[in-house]
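I opened this entry to keep track of what I looked up in one structure.

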Protein chains: 2
Amino acid sequence: MKENPLKVIMNPRSIATVGAGNNLTKMGTIQALSILKDGFKGKFYPVHPKDETVLGHKAYPSVLDLPEAPDLAVFIVPTELVTGLMEDFGKIGTKRAVVITAGFRETGAAGLALEKQLKEITRRYGIRFLGPNCIGLVNSALPLNITVMPLLGPPGLLGMASQSGTYITQTLGLLRRRGIRFSKAISLGNEADIEINEALAYLGEDEQTRAIALYIEGLQDPAGFLEVARQITPHKPIVAQYVGGTAAGARAGSSHTGAMAGPDHLYDGLFKQAGIIRVYSVEDLYGLGWSLATQPPLKGKRIGVITNSGGPGTAMSDTLNAGGLEVPVFSEVLQEKIRPLIPKQGARGNPVDLTFFLNAEAIAVAIPKLVMESGEIDGIVLHGAMGTGFMEEIHIHAEDLFGMPREKFLDAFREDLHPAVTLPQKYGLPFIVSSFLNEHDDYNIAYREQNVPVYDSPEKTARAMNVLWEYRQIQQRAPAESALLPPVEAEAAALVAAAVKQGAPILDEYSSKRVLAAYGIPISDEGLARSGSEAVELARGIGYPVVLKGCSAEIAHKTGKGLIRLQLKDDEAVEQAFEAIRKAAGEEIPVLVAQMVGGDRELVAGALQQPGFGPCVMFGLGGIFTEVLRDTVFRLAPLDRPAALEMLAAIRAKELLGEFRGMPAVDREALAGILQKVGNLLLLHPEIKEIDLNPIILDGARPVVVDALITI
Amino acid sequence: MKENPLKVIMNPRSIATVGAGNNLTKMGTIQALSILKDGFKGKFYPVHPKDETVLGHKAYPSVLDLPEAPDLAVFIVPTELVTGLMEDFGKIGTKRAVVITAGFRETGAAGLALEKQLKEITRRYGIRFLGPNCIGLVNSALPLNITVMPLLGPPGLLGMASQSGTYITQTLGLLRRRGIRFSKAISLGNEADIEINEALAYLGEDEQTRAIALYIEGLQDPAGFLEVARQITPHKPIVAQYVGGTAAGARAGSSHTGAMAGPDHLYDGLFKQAGIIRVYSVEDLYGLGWSLATQPPLKGKRIGVITNSGGPGTAMSDTLNAGGLEVPVFSEVLQEKIRPLIPKQGARGNPVDLTFFLNAEAIAVAIPKLVMESGEIDGIVLHGAMGTGFMEEIHIHAEDLFGMPREKFLDAFREDLHPAVTLPQKYGLPFIVSSFLNEHDDYNIAYREQNVPVYDSPEKTARAMNVLWEYRQIQQRAPAESALLPPVEAEAAALVAAAVKQGAPILDEYSSKRVLAAYGIPISDEGLARSGSEAVELARGIGYPVVLKGCSAEIAHKTGKGLIRLQLKDDEAVEQAFEAIRKAAGEEIPVLVAQMVGGDRELVAGALQQPGFGPCVMFGLGGIFTEVLRDTVFRLAPLDRPAALEMLAAIRAKELLGEFRGMPAVDREALAGILQKVGNLLLLHPEIKEIDLNPIILDGARPVVVDALITI
């Protein structure tokens with residue numbers, strides 16, 4: 001296996017900087033300061049043309065003067081100096097770099113040319129690099145922080161790869177206040193060399209990283225991304241935000257890192273296929289990522305809700321329930337154990353509501369302990385463990401009455417919170433806290449130190465629990481299976497080649513279906529007639545009723561043009577229909593005689609080459625409402641069997657595929673097989689741009705492709 | 001007009017407390033402290049059985065000893081003392097009260113009995129009261145704070161009525177940190193007397209209140225709520241959270257305040273009907289409410305995005321676009337003006353991305369000014385005005401280099417932020433800020449002081465702008481029209497009365513449709529036949545093709561039972577069908593002969609008495625997928641014309657009602673008329689429990705009710 005270049009980039013023994021000096025208003029200097037002050041223990045070699053020392057460390061006038069080839073070169077110089085300096089590092093044998101400098105692809109043609117030049121140089125020397133136009137990286141275990149803001153604090157558990165540098169630096173203070181700590185964080189910048197797939201693979205293998213957060217504006221290689229992510233998600237959760245899916249988002253992203261974005265529904269499908277949990281804000285990226293990184297698996301749906309107030313208790317219950325979790329009524333036995341611990345106006349049935357009752361031991365220790373011991377729940381959400389943050393509020397009005405300054409007053413109320421905050425670990429159940437108090441509240445601090453997530457709203461707390469459940473479902477997905485492509489079928493290849501040779505933009509319906517049938521996709525029983533008697537002969541063979549359609553590459557959209565005759569019940573009707581079609585369409589037009597497939601359930605499927613994204617398979621609800629309801633889902637081809645089966649369950653109208661109004665449940669394997677095959681077809685015949693199967697009718701349990709069109 | 005009892009409750013000149021003493025661990029004492037310390041300037045009369053003074057104020061041994069009848073009595077005594085003390089206040093002539101004491105309806109049968117007794121006493125004395133089981137109230141203008149936590153700060157603009165006391169007290173510190181300030185806040189508790197509708201009406205009239213936030217676990221009187229809310233929303237935004245819509249939410253709410261909750265989709269419809277913006281977390285209730293309370297109207301879709309980082313800029317653009325707003329590319333003229341203000345690697349086209357460029361004047365003054373002056377945008381979102389919060393981060397690593405302690409260091413960077421933070425007011429455009437910095441950052445403080453909302457994430461910032469746009473649409477809704485009920489039709493009344501008299505649970509299809517037709521609802525042309533020849537005669541009158549159906553109250557679910565014969569094209573077919581139906585259904589069964597209505601578009605509508613909620617009208621997509629797609633919306637009856645028209649636009653499949661696949665657009669007035677009439681019918685005939693119109697088929701543009709069922 002090829003070694004991931006980030007192994008050295010994230011763990012260098014020696015770092016050289018170009019662009020860091022002693023001027024603290026310069027970004028380069030601030031970043032060098034982060035390296036030094038956040039505790040990097042390896043060698044630090046600042047390169048500086050004039051100064052003898054940089055931040056107290058011996059400086060070297062040029063790269064060529066360095067005493068050794070550093071493991072990592074960090075570029076924070078003006079754009080025009082990058083390529084020359086990269087050459088120098090190449091010459092001395094440095095193999096890894098971080099190019100923070102901006103002004104490349106994201107700025108237009110000249111920048112793009114410069115970026116190409118940079119890539120040419122690094123390829124020549126075998127240098128692998130992050131950036132350009134990134135902010136650096138964080139490895140909290142080493143520790144190493146090459147960003148603009150201080151990291152501080154102990155090592156964390158959440159890995160991050162971000163197409164915005166801000167999200168691993170401007171937010172470091174915010175994350176510190178919320179108790180969220182990175183294991184490793186990687187700013188990707190323009191991804192001229194190392195792109196997100198390698199970063200994701202690195203975080204997937206990194207033992208310190210327990211969950212991965214991705215901020216994405218666009219993927220260069222969605223198929224590669226899927227392959228990497230799919231191997232990670234069964235054992236490590238990935239949460240991702242995608243912001244390139246609208247016109248404005250795509251344009252903004254493009255001027256940011258030159259990213260190539262794609263429609264939102266394709267990314268949505270990709271994430272689902274990969275088992276990635278999607279979020280819609282950076283707050284959720286961090287916040288939900290942190291619960292995924294810190295909490296044990298949520299093994300069942302039963303959640304205990306403990307609160308000191310009805311509002312948060314009700315809001316958490318509602319949010320949990322809406323997310324598929326349950327808030328079961330506690331057994332009488334458990335309720336009787338809780339009864340003496342709460343005031344008489346409280347509730348003990350789940351939620352346990354202590355009402356505004358200031359007994360911290362009851363809410364934070366005794367009751368959670370009883371509930372966890374009971375075996376009646378699989379996880380706990382708690383609102384209302386109030387410590388110094390609450391007393392601080394009380395002190396505002398009561399200062400003169402107590403006659404104590406704030407700190408002394410707070411100290412008088414400080415207790416040993418260890419029994420409370422270590423409780424979750426003892427029972428090994430997910431335990432998530434809601435608090436409206438400030439970040440300095442001693443409970444909040446103590447919980448956070450124990451990696452118990454604390455959110456500033458009941459709904460976020462409940463949603464974090466919901467996301468643990470979402471991940472549990474992902475973990476329990478059927479394991480990936482082989483999606484090996486079958487051999488190319490000669491008949492199909494010949495039909496496609498013929499169309500290409502003729503310069504036809506599409507294959508006619510009959511040929512399209514022959515191509516499908518060559519790969520085992522079930523189509524209506526049919527044949528091509530060139531005379532009325534041929535049509536009757538075919539109809540008799542197929543069995544009445546039949547349908548007749550004019551069939552040529554020119555007739556793409558047939559409905560409404562008088563070229564279809566449905567429900568033909570006998571020879572006479574067939575002959576008449578044949579003549580009518582010939583009359584309307586022309587004497588040369590062949591006529592398709594096909595089985596009249598009955599069934600009230602119509603579906604659509606297809607496959608298309610999506611520029612900048614890859615070969616996609618589509619599946620959805622068909623019939624006349626297709627374009628109105630837009631109940632369709634997309635996945636990348638090739639599909640393995642579990643991915644195809646998941647598509648069936650991903651449409652809103654999925655109940656239609658079960659037993660429905662006296663109709664049998666669909667043959668799911670057959671339907672999933674169609675989706676796999678149509679995707680494979682696109683990959684086996686790169687000349688094909690698009691395949692539409694519309695409709696697929698359920699003939700009882702059996703899906704049959706009734707009309708199809710292949711576009712070249 | 002009846003005076004709203006909250007006028008005095010929120011603005012008392014004198015307050016008596018029962019239950020407040022000198023023990024600061026008691027809630028009553030803490031609440032009295034809030035009254036006194038938060039600056040209440042009226043008279044304060046503590047009633048206390050033993051102590052001579054309470055918190056330094058002369059105390060009175062009993063209510064009967066008070067020197068005057070106080071405007072407001074506040075109860076924080078044990079449950080069993082409430083009724084006796086209420087009697088005493090009644091005797092001395094006090095007319096308004098707040099009962100904070102819990103232990104009533106929410107605790108079960110005994111509590112419910114006590115609550116009834118309390119209501120009996122207050123009715124006798126003409127006392128109006130909040131609670132019981134509430135936390136008090138806040139009037140920041142007076143100021144008056146009767147909650148457990150300190151209010152502090154200047155008066156605010158956001159009014160709140162909450163079915164959880166926590167949300168006007170436990171969160172006061174959180175709101176202070178976020179710069180969100182209540183105008184008035186009302187804790188509703190069990191709503192034994194004053195319920196949410198009166199509170200909403202009060203906030204609607206209150207001039208200090210610019211937007212209203214509602215936390216709802218269940219409504220006692222949804223129709224009354226709708227009436228009040230509908231009058232407010234055209235001129236003052238209302239934002240609401242409803243948490244009783246799941247099984248767990250409903251149960252939790254019931255043990256909280258004894259609230260009667262209802263299914264989520266009914267509340268969702270009610271909010272839409274009332275023009276209320278729905279949110280799903282208390283954070284959004286406050287946060288989005290605050291933007292609605294502080295910002296001028298967003299008059300157009302064009303938003304300027306100004307950022308110091310690509311990630312937040314892209315995320316804001318994507319979120320704005322997803323919410324229906326636009327991020328238009330700036331004119332060349334404007335871009336050229338911006339160019340000299342940003343670094344060369346920056347972007348100026350909108351988003352304006354300064355990249356990590358520390359020129360506060362450019363990002364916070366010069367660029368927003370240029371953009372607002374340009375006339376090219378209707379609102380601005382800004383990320384990256386970084387003041388002392390940023391310097392605080394820098395100082396962590398650079399303390400020894402600068403040799404300055406933190407405060408001195410920060411002071412050195414403090415600037416006059418007035419030009420920046422007063423800019424939005426000058427231009428009168430919505431202006432919303434995103435910042436990852438802490439709440440003490442001087443920009444954050446200064447913006448908040450000017451009522452410019454600051455959110456801790458780019459997405460929240462963009463969503464706040466989206467919500468301003470959502471409110472703009474609400475303001476521009478067609479004005480409410482009269483929804484006066486028509487007179488009762490004698491034929492309909494007779495049919496319903498006959499069914500009631502027979503004890504029949506339903507009306508048969510023919511009678512059901514006669515009732516509908518009596519109110520002008522278009523039904524299929526049809527008649528009842530008792531012989532084959534009658535059937536033929538009817539069919540000829542109607543015109544072929546026709547449909548025959550066995551018709552009796554017993555035959556409710558007809559499809560699949562062999563009692564329908566479709567597409568009958570001639571006399572012979574009608575006679576055969578008549579015989580077949582008689583044979584299957586019985587010789588006595590009348591047979592309905594009806595026009596065969598053609599059309600591929602099927603809809604459903606209906607009306608039902610929803611226990612605990614009221615008479616609802618339903619509308620949705622019909623056909624065989626009805627139960628699978630669940631594309632239905634609900635509103636309270638009676639519907640005015642605009643509300644009925646809005647229902648048509650509220651289904652997902654709404655495009656179906658336009659021109660579609662060669663079919664004409666539906667006659668919207670006719671369809672809306674059906675919805676109005678079916679709702680009216682339910683109100684005019686209270687014996688009717690439910691009416692189903694399924695399907696309504698679009699015969700070209702014209703909606704026709706093809707099958708119907710009225711349940712008694």
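Predicted model: local features only at pLDDT ≥ 70, side-chain atom pairs only at ≥ 80, totals over all residues.

In chain B I looked up an open sheet of 5 strands, ordered β16-β15-β17-β18-β19, with parallel pairing. I noted that β16 (352-353) and β19 (454-455) of chain B are the edge strands; each has a single partner strand, so one side of each has no neighbour in the sheet. Helix α11 of chain B, residues 310-322, packs on this sheet and touches β15, β16, β17 and β18 (431-434) of chain B. I recorded about 160° between the direction of α11 and that of β15(B).

I laid chain B on chain A: a turn of 180° with a shift of 0.0 Å along the axis gives an RMSD of 0.1 Å. The two copies are therefore related as by a two-fold rotation axis. In chain B, the C-alpha of L629(B) is the one nearest the axis, at 4.6 Å. I also checked the interface: 100% of the interface residues of chain B are interface residues in chain A too, so the copies meet through the same surface.

Where is N438(A) found? I placed N438(A) in the loop between β18 (431-434) and α18 (442-449) of chain A. N438(A) has 19 C-beta neighbours inside 10 Å, so I logged N438(A) as partly exposed. Leaving out residues up to four places away in sequence, N438(A) touches G389(A), G173(B) and R177(B).

Definitions and conventions
Residues numbered from 1 in each chain as written. Chains lettered and ligands numbered in written order. Pairing = 2+ DSSP bridges. Helix = DSSP H or I, 4+ residues; strand = E, 2+ residues; numbered from the N terminus. Contact = placed C-beta atoms within 7 Å. Axes fitted to C-alpha atoms, helices over the stretch in contact; angles between N-to-C directions. Least-squares fit on C-alpha atoms with pLDDT ≥ 70 in both. Buried ≥ 20, exposed ≤ 12 C-beta atoms within 10 Å, placed from the backbone.
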